[in-house]
Amino acid sequence: MARLFDQINREYDSIRRENERIAAERREEAYLMVDGLKEVDDNIRNLGFEASKAGLLSGDPKVVEDALDEMKTLEGVRRSLLLKAGLPKDYLDPIYTCEMCKDTGYLEDGERCSCLKQKLAAYLHRHSHIERQIEKNNFGNFRLDIFSDLPYGESGLSPRENMEDILETVKVFIETFDDMNDMNLLFYGPTGLGKTFLSHAIAAEIMAKNKSVVYETAFGLVRIFEDKVFNKPKDAEADMAYDSIFSAELLIIDDLGTELVNSFTNSQFFNVLNTRLIEGKKTIISTNLTPREISTVYGDRIFSRLFDKFVPMAFIGKDLRWEVESEL
């Protein structure tokens, strides 16, 4: 695992170097455009140095306070100069890919940042290829027009109307993701109706919010359970993969029902569901099983969690994989 963290640290080093390069180019451009801006910037840096030195050597808070006040005044001058030149007032501010941890991977209290958690999740669950999947399976590529507008089944709804209703619920889920609303999603219905595509698209939106997302098939989830419980000697990577299922801000389980179901997998699955519900962590599950089949296969405890604590959404219509070139 040490090599993994070394690799991630190198990624952060690369991110910081690239952002510093962009910031340096901006400074050169702005200094050429705005007379006196470089002098103001130099004075701000010198005052920052003097304030730090005064705090360390003299211990006089008044000296530090005066320097900081003068820095604020000069920063106001800098903003005014930038705005007059038609540049954003924060054009010379430091650039960070992640504002929360300043591209270090750790928050001020020493906790791992969401961006670091996501990098770890991407490695630990690398066989799911979620980062590659969301490049094509996202809302920018979602096509509502391929869903039939003819009534389907006993509901009288058309697949398109049904998908419009689903998208409204998904929109609320994304917009209120940070709220303590206990909102979880259950997608169920036949294959080829967009459940996996929609799961990927939601993952893309939540990852863009700098939240940690773990995406696993039910089969992959069982493999992680088995690696954690049965594989000896103790494997740090297996432990981390297992722990990430509980700690991820969003867990997406795809293709529930395709795994080998037994008392061990059922108890593990129930533990994941129940723990995440208790801790207020969001979960999305997709399955080709009907509600009756879910009850038969997984029993009353899991069925009650899924249909009491999740928003169940039925996907209806004909298999769209035969209708379009790219699978939903």
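## Elements and numbering

Helices (H or I, at least four residues) and strands (E, at least two) are DSSP runs, numbered from the N terminus. Asp182, for example, is found in the loop between helix 6 and strand 1. Residues are numbered from 1 along each chain as its sequence is written. This is a predicted model, in which local features need pLDDT of at least 70 and side-chain atom pairs count only at pLDDT 80 or more, while totals for chains, interfaces and linings use all residues.

## Confidence

The predictor's confidence in each residue is called pLDDT and runs from 0 to 100. The chain has a mean pLDDT of 87. A value of 70 or more is reached by 93% of its residues. Which element has the lowest mean pLDDT? That is helix 2 (residues 37-57), at 76. Strand 1 (residues 185-188) has the highest, at 97.

## The sheet

Strands of a sheet pair through backbone hydrogen bonds, either parallel or antiparallel. Here, two strands pair if DSSP finds at least two bridges between them. The model has an open sheet of 5 strands, in the order 2-3-4-1-5, and the pairing is parallel. Strand 2 (213-217) and strand 5 (311-314) are the edge strands, and each pairs on one side only. On average, neighbouring strands of this sheet are turned by 15 degrees against each other, direction ignored. For such angles, axes are lines fitted to C-alpha atoms, for helices over the stretch in contact, and angles run from 0 to 180 degrees between N-to-C directions.

Now follow the pairs. Strand 2 and strand 3 (residues 250-256) run parallel and are joined by 5 bridges. Thr217 has Asp254 in strand 3 as its bridge partner. Strand 3 is joined to strand 4 by 5 bridges, again parallel. Ile252 stands opposite Ile284 in strand 4. Strand 1 and strand 4 share 4 bridges and run parallel. Tyr188 is opposite Thr287 in strand 4.

## Strand 4, covered on both faces

A residue is buried under 20% relative accessible area, exposed over 50%, and partly exposed in between (1.4 Å probe, protein chains only). How many residues of strand 4 (residues 282-287) are buried? The count is 6 of its 6 residues.

In a regular strand the side chains alternate between the two faces of the sheet. Both faces of strand 4 are covered. Lys282, Ile284 and Ser286 are buried on one side. Thr283, Ile285 and Thr287 are buried on the other.

## Two cavities

On a 1 Å grid over the protein atoms alone, a cavity is a set of points where a 1.4 Å probe fits but cannot get out, and lining residues have an atom within 4 Å of a point. Grid points are joined across faces, edges and corners, and a volume is the space filled by probe spheres set on the points. The model has 2 cavities of 30 Å³ or more.

The largest cavity has a volume of about 60 Å³. Its lining includes Ala218, Phe225, Glu259, Asn266 and Tyr298. Helix 8 (218-229) and helix 10 (263-279) are the elements that give two or more residues to this lining. Helix 8 gives the largest share, 4 residues. Ala, Val, Leu, Ile, Met, Phe, Trp, Tyr, Cys and Pro count as nonpolar, Asp, Glu, Lys and Arg as charged, and the others, Gly among them, as polar. By that rule, the lining of the largest cavity has 7 nonpolar, 2 polar and 1 charged.

The second largest cavity has a volume of about 30 Å³. Asp182, Asn184, Arg276, Leu277, Gly280, Lys281 and Lys282 line it. These divide into 1 nonpolar, 2 polar and 4 charged.

## Single residues

Is Asp182 buried or exposed? Asp182 is exposed, with a relative accessible area of 52%. Asp182 is not a glycine, yet it has a positive phi of about 55 degrees. Asn210 is not a glycine either, and has a positive phi of about 65 degrees. Asn210 lies in the loop between helix 7 (195-208) and strand 2.

Ile166 belongs to helix 6 (residues 159-175). Ile166 is buried, at 3% relative accessible area. Ile166 and Met313 are 147 residues apart along the chain, but their C-alpha atoms are separated by 6.8 Å. Glu111 sits in the loop between helix 3 (61-84) and helix 4 (114-124). Glu111 is partly exposed, at 48% relative accessibility. Glu111 and Gln133 are 22 residues apart along the chain, and their C-alpha atoms are separated by 29 Å.

Methods
Side-chain values use heavy atoms; hydrogens and water are left out. On a 1 Å grid over the protein atoms alone, a cavity is a set of points where a 1.4 Å probe fits but cannot get out, and a pocket is an open set with protein on both sides within 12 Å along at least five of seven lines; lining residues have an atom within 4 Å of a point.
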